[in-house]
Amino acid sequence: MGRRKPGKPRRRRPGEPPDNIQIREARPGEGKAFTDLAALAMKGHGDFDDREAMREAVDEGGPFTSQFGVGRFVFLVAEHTPTASIIGISSSIPPLSVLGGMQRDGADPAALGAVAMAYAKIRALAVADTHRRQGIASALLTKALAIHRDHRAFLAYGQFTAGDTGLTRFYRRRGFTIHAPGQPVILPGNSRHHDVGASPLPGEQMFSRTI
């Protein structure tokens, strides 16, 4: 009882990739393949483009932490194992724009370190057109959040073009709150720092959830 019948596909758990897809950290030399896919996520979703920095970081090899010594940069790929090709990517980083603002405002190193560790920004998440609707983006996101949680982050956030119904549906189904266009995400403080806000670019809206 409970055994899977021969020939019947195994039901995957939420966030689990297909059997022919491996989710792993990017390796040196995969920077171009990584950023070629990252371009899909960034097209039409804001003017800020850090693909060259991504490419250099991936090719340099990890693990990576922010300049404050904590807060992980996580570069994941989805590899199609039969062809050894990269068909999906995820980039998640410390809240660099928030940290830059805090630093300009004179925040002390303890506060900067606490913020760098506590929050993760979903910078890019993309899957090649030929491999979409297979749960690969969900698997990449699940793995990225697990890594950040293991490194003591407790809230993840990101932003996309306002009114993108596909991304609204995707992130909402994965437990994220979708904020109104132009509304910032408040990153709650603790004994080391006050609440800080992460604001979207013009024409964007944000999403967030605890991890």
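How many cavities of 30 Å³ or more does a search of the whole structure find? The answer is one. Keep in mind that this is a predicted model, where local features need pLDDT of at least 70, side-chain atom pairs count only at pLDDT 80 or more, and totals for chains, interfaces and linings use all residues. Residues are numbered from 1 along each chain as its sequence is written, and side-chain values use heavy atoms, with hydrogens and water left out.

**The cavity**
- A cavity here is a set of points on a 1 Å grid over the protein atoms alone where a 1.4 Å probe fits but cannot get out.
- The largest cavity holds about 50 Å³ of space, a volume being the space filled by probe spheres set on the points.
- Its lining residues (an atom within 4 Å of a point) are G71, R72, I93, P94, A116, M117, Y119, H148, H151 and A153.

**Helix α1**
- G31, F34, T35, L37, A38, A41 and M42 of α1 are buried, meaning under 20% relative accessible area with a 1.4 Å probe, protein chains only.
- Among what covers them are α2 (51–60) and the strands (E, at least two residues) β3 (72–80), β4 (85–93) and β5 (119–127).

- E30 lies in the loop between β1 (21–25) and α1.
- E30 counts as buried because its relative accessibility is 14%.
- Leaving out residues up to four places away in sequence, E30 touches R24, V58, D59, V77 and I86, with contact meaning heavy atoms within 4.5 Å.

Conventions
1 Å grid on protein atoms, 1.4 Å probe; cavity = no way out; pocket = protein on both sides within 12 Å on 5 of 7 lines; lining within 4 Å. Buried < 20%, exposed > 50% of the residue type's maximum accessible area, 1.4 Å probe, protein only. Helix = DSSP H or I, 4+ residues; strand = E, 2+ residues; numbered from the N terminus.
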